[in-house]
Amino acid sequence: MDVTIDTVSPARVHALDHLERVRQDDAYVEKLTIDDADARTRRQARELVAGVTRQRRWLDFVLGEAYHGDYDSMEPRLREILRLGLYELLFQSTPTHAAVDEYVELAKQALRPGAGNLVNGVLRTIDRDREHIPTPDTGDDAEDLAVRYSHPTWMVRRWLDRFGIDPTTELLRANNRRPMYSVRVNPLRTSIDEVAAWLDEHDVVNVGSPYLDTHLRLKRLQALIAGDLLDDGHVAVQDESAGLVVQLLDPQPGETLIDGCAAPGGKAMHAAARMEGTGTIYAVDRNEQRLERVTEAAEAQGVSAMVQAETADLIEWANRPDPPQADRVLVDVPCTGLGVLAKRADLRWRRSPEDLTEMAELQDALLNAAASLVRPGGLLVYSTCSIEPEENEQRVEAFLARHDAFTAESAAGHVPDEMVTDAGFLATLPHQHRMDGAFGARLRRADA
């Protein structure tokens, strides 16, 4: 039930409402919608919801240490209010009186007067001794790091085994930072200098990508959303890791390209721009509603004449009689998304180790389908937004074992050397490259 409280800031009330929906209805954090609020309130509420969700395990540890009782059995709404208050104290540097007083009032009105007294006591106890906030010390590095940096233990244990303690700690910190955003400038509509000038005029701090001359890095997207640059196709929100996958694909003007899991179309639109608006792109996706966004983007970005949207499952589409044969096929497969945890605050809590096995089966099937669409001598690019070997290197190795006609080509020369693995694949990591974690492989089909 929504809370309506006039004496508490609207952002805090909306944040509590949405956290309740996340808990009760399994709502997604990024789906937070607030119709009756200004842009500042919406932004503050989203930041609170995402931050509390991201830091939930650590917040619960600190609160549990300070609460004189069984914290795990606390009523859920009271726990959400405490999490919100502690998040503001520890991560937003909100003055104590402002944070504590409002959450005390929120607890009184959303629950009862006694709840307000409890919130006051717990938050002020932590605030008074914030120089000595306890840290996890079980003797198990994975468990302690997982609690301190608010990740599932199974995830941290995997990374410790693979990367070691210091790189894993840096990765966890990167996943907890406010995400950096990037936009791709559409050269068919404008230039990067013109977009940078527009951003400067609107006081939007921006810097050029150190890896892609088509991208700009931003801390916030609100000005672009409020302006017309997105709607008119001058720019598109795209992480640099996704841009590097398109660079790995290296589409050329006049070619035929198939994007096998196309929606919402960021990579297909980037490819169309690199193809200078000439050639043919089949944008295939089973989700009709999401595929509509591809069509809309193609119209806005001036490439609708070359983009053919196909509402279909790629596996079924590839198995129909006489499917098209393409010079290049991109299959950016569904995956666990463990490379995008900074942007998807709740994703870490939605994943389990079993997902890696389940995803691998689908990824193999999509790779097999995509392979049948590559003309002799053509190129297949496999990509994910995961950093896990089961979804990346192991899928490519298994594919090559099944398909004698294909060989792996090095990513060297197509992407920065620092992102090319020893095996020749593209791999980006959030803590090393300040972008999403991603993987890409070039797979060349032999000439007939």
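**Note on the cavity and the salt bridges**

1. The largest cavity holds about 180 Å³ of space; a cavity here is, on a 1 Å grid over the protein atoms alone, a set of points where a 1.4 Å probe fits but cannot get out, and its volume is the space filled by probe spheres set on the points, which are joined across faces, edges and corners. Lining residues, meaning those with an atom within 4 Å of a point, number 16 for the largest cavity, and the closest to its centre are A174, P179, M180, A342 and M435. The structure holds one cavity of 30 Å³ or more.

2. This is a predicted model, in which local features need pLDDT of at least 70 and side-chain atom pairs count only at pLDDT 80 or more, while totals for chains, interfaces and linings use all residues. Residues are numbered from 1 along each chain as its sequence is written, and side-chain values use heavy atoms, with hydrogens and water left out.

3. The lining of the largest cavity divides into eight nonpolar, two polar and six charged residues, where Ala, Val, Leu, Ile, Met, Phe, Trp, Tyr, Cys and Pro count as nonpolar, Asp, Glu, Lys and Arg as charged, and the others, Gly among them, as polar.

4. The structure holds 31 salt bridges, each being a side-chain nitrogen of Lys or Arg within 4 Å of a carboxyl oxygen of Asp or Glu. One of them joins R375 to D327, with the closest N and O atoms 2.6 Å apart. Since R375 lies in strand 9 (residues 374–384) and D327 in strand 8 (residues 326–332), the pair ties together parts that are 48 residues apart in sequence; strands are DSSP runs (E, at least two residues), numbered from the N terminus. D327 is buried at 19% relative accessible area, whereas R375 is partly exposed at 30% (buried is under 20%, exposed over 50%, partly exposed in between, with a 1.4 Å probe and protein chains only).

5. A salt bridge also links E409 and R442, at 2.9 Å from N to O. Strand 10 (residues 406–409) contains E409 and strand 12 (residues 438–445) contains R442, so this pair ties together parts 33 residues apart in sequence. R442 is buried, with a relative accessible area of 4%, while E409, at 24%, counts as partly exposed.

6. The side chains of D346 and R350 meet in a salt bridge of 3.2 Å, N to O; D346 is buried at 3% relative accessibility, and R350 is partly exposed at 25%. Finally, a network of salt bridges links R158, R162, E388 and E390.

Note on methods. On a 1 Å grid over the protein atoms alone, a cavity is a set of points where a 1.4 Å probe fits but cannot get out, and a pocket is an open set with protein on both sides within 12 Å along at least five of seven lines; lining residues have an atom within 4 Å of a point. Helices (H or I, at least four residues) and strands (E, at least two) are DSSP runs, numbered from the N terminus.
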